Amino acid sequence: MAKNTSLYEKHLAAGGKMVDFAGWEMPIHYGSQLEEHHQVRRDAGIFDVSHMTIIDLSGREVRGFLQKLLANDVNRLKKKGKALYSCMLNEKAGVIDDLIIYYMHDDWYRMIVNAATRNKDLTWIEKQAQNFEINIDERPDLAMLAVQGPNAREKAHKALGNKILAAQDLTPFFAVDCGEIFVGRTGYTGEDGYEIVLPSQQVPQLWDDLLTAGIEPIGLGARDTLRLEAGMNLYGQDMDESTNPLESGLAWTIAWQPEDRDFIGRGVLQKLRDSGPNNKLVGLVLQERGVLRNHQKVIVDGVGEGEITSGSFSPTLKCAIALARVPAQTEDQCHVEIRGEKRSAKVVKPSFVRFGQSCID
Amino acid sequence: MSNVPDNLKYTKTHEWIRQESDGTLTIGVTDHAQGLLGDMVFVEVPDVDANFNSGDDCAVVESVKAASDVYCPVSGEITETNEALADTPEMVNNDPFGDGWLFKLRPTDPNEISTLLDANGYQEIIAEDSH
């Protein structure tokens, strides 16, 4: 049986075409994925992301526990409300999941992990927590929305007024608990906006209020093309347990200092760093006609082969773009095999569009 | 509900075929198919003068979501392709039976057309698909 979020009826009412996503029935689009994509780049859109897993961590030893569990260091979080993006690794430095963690109080961290990885994440976290004095509380009672786009914050404040007043002064990558509603200035689109967590029973009313303020509903289809343009990894495609952060464009999320912080996977990862990883994750821009797709073969002349991990048409740039795992020696050109034909692609830093603007020369 | 014009022929792989007065056939993808695929972003048409057997993949329509092969409905030679689709692939969504046509073909054997589905036959295929 597929699970529904508290907004299921609202999605149907908005014309949502529902598909299965990790056991959840979610809207892929509400008519046109392309129009929804542009709506977020140009104005404001709202996404139901209630299928994602919210875990509250508390207890006396929570900071020490998270310093062991995560490859990024929660000790970097000095100010209350600050968010951190991190990988959770296994002993072999394979990526179990990527996540956002918010530091709310010394005794309260809120972690948001993927929907598809919920079960294995919880099992892993509980196993690692055995020798720590901490509480792990999954929060299925909470729903989550993302409002994203250049006008998203302004429209959200207009719609919600006093309910999220405390969010008015949030700087990027910070969150604030406004009583019943938790607001983080984070997202997965490359645009400004909020991610909003609140009790499930309140979410239909909030959805209506945000729609009334002119924020349009956006499906998971546009969420994928938006995050790809922003050069953000998708777990299960761009990295998983068979790869590691250094070969997934996520070296920046590893906190090597202090040297004595013994996070899970550190030993293997350090050896890999010292010997030099074989592969790297890069961005590709197709220079010929066609569309890049997941699993297409990448050919780097004189070097070797790689594979596209996420490929699509970029609605903003109007050409095909991709993330690809290629040999570490790859320079600025490669070919991609599309239906048996080699087509030229340019290798770029994996960030294609930010704040509505192209990052590609 | 998708539109299935009575005056056209169809295949179960969602191509439509119109018989022209000069003996050629105009071919495109149906309204039902474009609806399933979503926003088109790229169309690859065959080369003019190329020859295909019925059932050969001879064109590709790609939406934001996925690539889908287009199969040649009857054997023949390509006489013309819709070059406008290079810049406006969305015509396949907006006008699948009109400006969104893909290519024209001269059939090797005009009798082969009788093997194609009529509008009623295609309606049944769509109905089965949605179960």
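**Terms and the values behind them**

Guide: Helix α5(A) passes helix α6(A) in a right-handed crossing. The model is predicted, with local features requiring pLDDT of at least 70 and side-chain atom pairs pLDDT 80 or more, while totals for chains, interfaces and linings use all residues. Residues are numbered from 1 along each chain as its sequence is written, chains are lettered from A in the order in which they are written, and side-chain values use heavy atoms, without hydrogens and water.

Visitor: Why are α5(A) and α6(A) called oblique to each other?

Guide: The axes of α5 (residues 152-160) and α6 (residues 203-212) of chain A cross at roughly 120° and come within 8 Å. Angles under 35 degrees count as roughly parallel, over 145 as roughly antiparallel, 65 to 115 as roughly perpendicular and the rest as oblique. The pair α5(A) and α6(A) is therefore oblique.

Visitor: Which residues of α5(A) and α6(A) meet?

Guide: On α5(A), A:Ala156, A:Ala159 and A:Leu160 meet A:Leu206, A:Asp209 and A:Leu210 of α6(A), contact being heavy atoms within 4.5 Å. The residues of this contact divide into five nonpolar, no polar and one charged.

Visitor: Why is A:Phe355 called exposed?

Guide: Exposed means over 50% relative accessible area, buried under 20% and partly exposed in between (1.4 Å probe, protein chains only). A:Phe355 has 58% relative accessibility, and therefore counts as exposed. A:Phe355 lies in the loop between β20 (353-354) and β21 (357-358) of chain A, and its phi is near 45°, a positive value in a residue other than glycine.

Visitor: What makes B:Asp49 exposed?

Guide: B:Asp49 is exposed because its relative accessible area is 52%. B:Asp49 is in the loop between β4 (40-44) and β5 (51-52) of chain B, with phi near 85°, again a positive value in a residue other than glycine.

Visitor: How do you know that the peptide bond between A:Gln257 and A:Pro258 is cis?

Guide: The omega of the bond joining A:Gln257 and A:Pro258 is about -5°. A:Pro258 is found in the loop between α7 (220-229) and α8 (266-275) of chain A.

Visitor: What area is buried between chain A and chain B?

Guide: The area buried between chain A and chain B is about 1300 Å², of which carbon and sulfur atoms give 48%. Buried area is the accessible area (1.4 Å probe) that two parts lose on being put together, summed over both.

Terms used
Helix = DSSP H or I, 4+ residues; strand = E, 2+ residues; numbered from the N terminus. Axes fitted to C-alpha atoms, helices over the stretch in contact; angles between N-to-C directions. Left-handed = near helix turned anticlockwise from the far one by under 90°. Nonpolar A, V, L, I, M, F, W, Y, C, P; charged D, E, K, R; others polar.
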